[in-house]
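Dear colleague,

Please find the structure below, handed over for your records. My notes on its disulfides and one of its pockets follow.

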Amino acid sequence: MYKKLILGVCVVVILALAAAMLAGCTGSVGPEGPAGPAGPAGPAGPQGPPGASAEPPAPKTVTVSAGDDMTEAPGASVTLKATATVEDDSTVTGYKWEQTAGVPAQISGADSESLTVALGDAKAYKAKLLAALKIEDRFVVQGINPHSLEVGEIATFKVTVTTSSGSYSDSVNVVAELPYAISLGINNVPTGVPVLLSGKEQDSYNWTMTAPSGSKAALDDAAGRNPSFTPDVKGKYAIKEASGATLDVYAGTWQGIIIGEDDKGLPVAEKVCVSCHNGTIAADSFTAWKESGHAEILTQNLDDPAGHWSMSCASCHTVGFDPAVENGGFDEAVAAEKWVAPPHGEKGLWTEMLKDYPATTKLGNIQCENCHGPQDSDAHTVGAARQNISSELCGSCHGEPARHGRFQQWEESGHGNLELVLEEGTVEARGATAAHCGRCHSGEGFLAWIQQDDLTKRIQGADGDATVEEMTALGMTADSVHSVTCTVCHDPHDPGALSGEPNTATVRIEGDTPMLPAGFQATSVGRGAICMTCHNTRNGAHNDGTGELTSYSAPHTAAQADILMGQNAYFVEAGARGSHSFIDDTCTTCHMELSPPPAEFSNNGAGTNHAFKASMKSCGECHGAFDGGTLKESTEAMLHELGAAMGDYLLGKMSATVHLKDYTPHENGGKSYDVKSNDVVVEKANIASVEPTEPHGQQGFIIKFTTPVDVTYAPTDEDPHTLSVTEVQVQLGDITTDGTTALIAFSDPLVKAGWNYFLLHGDNSGGIHNPSFTMDVIKATIAALK
């Protein structure tokens, strides 16, 4: 027991001493000893979480460069060189150059690394520009839009490099600078900027020009259709052509009018324009303009922190920007005041700029002179020299796709069809009846017509329908008439502020239409009101409550408003307005907002569609997967059924023989004719088929024969000629029992059926504008013929 106690005490003492040593003695620490040998490796630890996968290496490929774009003069010789950067270890096996756009050039070395190009001459480049401009057959100062100038100047060359791994391509542009510039196409022009003229098509030309005192300007190509000159001093340049045509062109310098801003931040103008354009002496154009997007395009971009304005925008967003000449433009004010465009927008910049750079801001934004030409010019006494309603004027800025391509979009639309206008809206083609057709088939006529209190009437003059002389004064002549241009639908002084989101663009008629020539008013249709003003049947009211028909007339083919609003059909209730007529802004929503503009003339399909063609895909915005295709197919099938029923009905009315007069346009002896034939007797048994058609605005039929029939035509002041034909186009009133008595009376159901048939065809939507109304009309009409 005692030994065990002693042993325990010893153990406790030893443990106590060890604890004291570990707790740290107060003595100094000795030097660190050498590291011992490494111990054995421990066991592997647990697997960690998965790490991020590494990016795969970029695939090796071949990159081709055709070189940088270059600028040369027409007729110059240039060398293009391709560079192929090969990273995929393949081997170059060949080169192939080709020209893909522009004036044809002579090329050599097309199969080599370097290409030698001899550009076309100046005449060829001018011809390319004129083709792009689509010049009209009249004597004018020719408007030039940016896109056409670019098309005229640029030649594009593509190189394809072939290696053992494939083919790779790149393109390069060679710009041949032409002695022309973007132009408004009016007779008031800035000094120092070339002016291109255009004449009517004729065998020869002999232009002369009388320039103002001190000028050294001269016409080039005075023996051609399109001479040009550069005005070098202020004044009048009187130009004559040997045919008797005259053009007075006035040259001047820019002034600008903005001198401050009001408490709303809107521009304040000096009195140079508003002293007259105040609503008393002349129309007040300034009040509406100052609230428009034109008046603040530069202001808005400078004040917007997200603004993207730079000097590259100045040619359209300021007055007279052109560093190549000195004529008082924005660029000269910038240089004089040493203003520098800021790297980004900032609220209040425009206000500071008004204070610190008054000469520059005086020429900022889109002002009067942007559209009317220089104010410091003798043209201010000649109003016609400073304006016209041509879309080319707007195209000088809105004609630069992709971002600004509305002019080119419009050119692709029916509104830009000048040929139709010359046929339907001029006194030369229509005489006094131009007061009827010219309401919608001429820009000048439309703008005069919508000022009237009663749009069911023709264009009015001092004493009733406008006379030929009064319409001539309006400009409804072959030498001056315009089609449905930008300013026909939009007031250029009051165009709205934004065409993006929200879209505040304005048109001349909005909300409700006046009483229309088709005998009804369209209400609550938004911007579509401007469209419906012309896109209606324009032949008065036609329904079961308007009495018996008194003619075989077909409805005017632009029947869209009638169908949308459920108007002007027989055998159904009038006024069956379709659900699509309740869409905000009706026509413009589907045709312009939801349908993208042509890809080549828009920035990734953005912006309103001024080609006006509706995309079937727009249906899906409201109707999901439905694109309207099946509805159109069903409508066309039912219309075909109706047409067949009309043909059968007409055949059923015929006896063994029938008299008719052909009205088919035809050629004989190399000459075109559009005259009715003499009366011809046809055996009913020889008729193979009958189908509806519309000869010269009248209901009619195409009648096809089993065996040919001889038809004689007797043009005025010419010998008759006879043709053997297998089909004829006959107006319904010219299908007679004896050469005089109509086979189908006005009161016959076939006449109402024909109206309905051509109404639906004239709508041309395949039922989409008003599906239920369309189907009801077809079904009721077929039933009426049984």
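How do the residues of the lining of the second largest pocket divide into nonpolar, polar and charged? They comprise seven nonpolar, twelve polar and six charged residues, where Ala, Val, Leu, Ile, Met, Phe, Trp, Tyr, Cys and Pro count as nonpolar, Asp, Glu, Lys and Arg as charged, and the others, Gly among them, as polar.

Please note that this is a predicted model, in which local features need pLDDT of at least 70 and side-chain atom pairs count only at pLDDT 80 or more, while totals for chains, interfaces and linings use all residues. Residues are numbered from 1 along each chain as its sequence is written, and side-chain values use heavy atoms, with hydrogens and water left out.

The second largest pocket holds about 730 Å³ of space. Of its 25 lining residues, E424, R430, E694, H696 and G697 are the closest to the centre. A pocket here is an open set of points on a 1 Å grid over the protein atoms alone, where a 1.4 Å probe fits, with protein on both sides within 12 Å along at least five of seven lines; lining residues have an atom within 4 Å of a point. The volume is the space filled by probe spheres set on the points. Helix 14 (418-424) and helix 16 (434-437) each supply at least two residues of this lining; helices are DSSP runs (H or I, at least four residues), numbered from the N terminus.

Turning to the cysteines, there are two disulfides (pairs of cysteine sulfur atoms within 2.5 Å). C316 and C397 form a disulfide with their sulfur atoms 2.3 Å apart. C316 lies in helix 7 (residues 314-317) and C397 in helix 12 (residues 391-398), so this pair ties together parts 81 residues apart in sequence. The torsion about its S-S bond is about -110°, so the disulfide is left-handed. C316 is buried, at a relative accessible area of 13%, whereas C397 is partly exposed, at 23%; buried means under 20% relative accessible area, exposed over 50%, and partly exposed in between (1.4 Å probe, protein chains only).

The other disulfide joins C440 to C534, S to S 2.0 Å. C440 is in the loop between helix 16 and helix 17 (443-449), and C534 in the loop between helix 20 (528-532) and helix 21 (560-564), 94 residues apart. Both C440 and C534 are buried.

With kind regards
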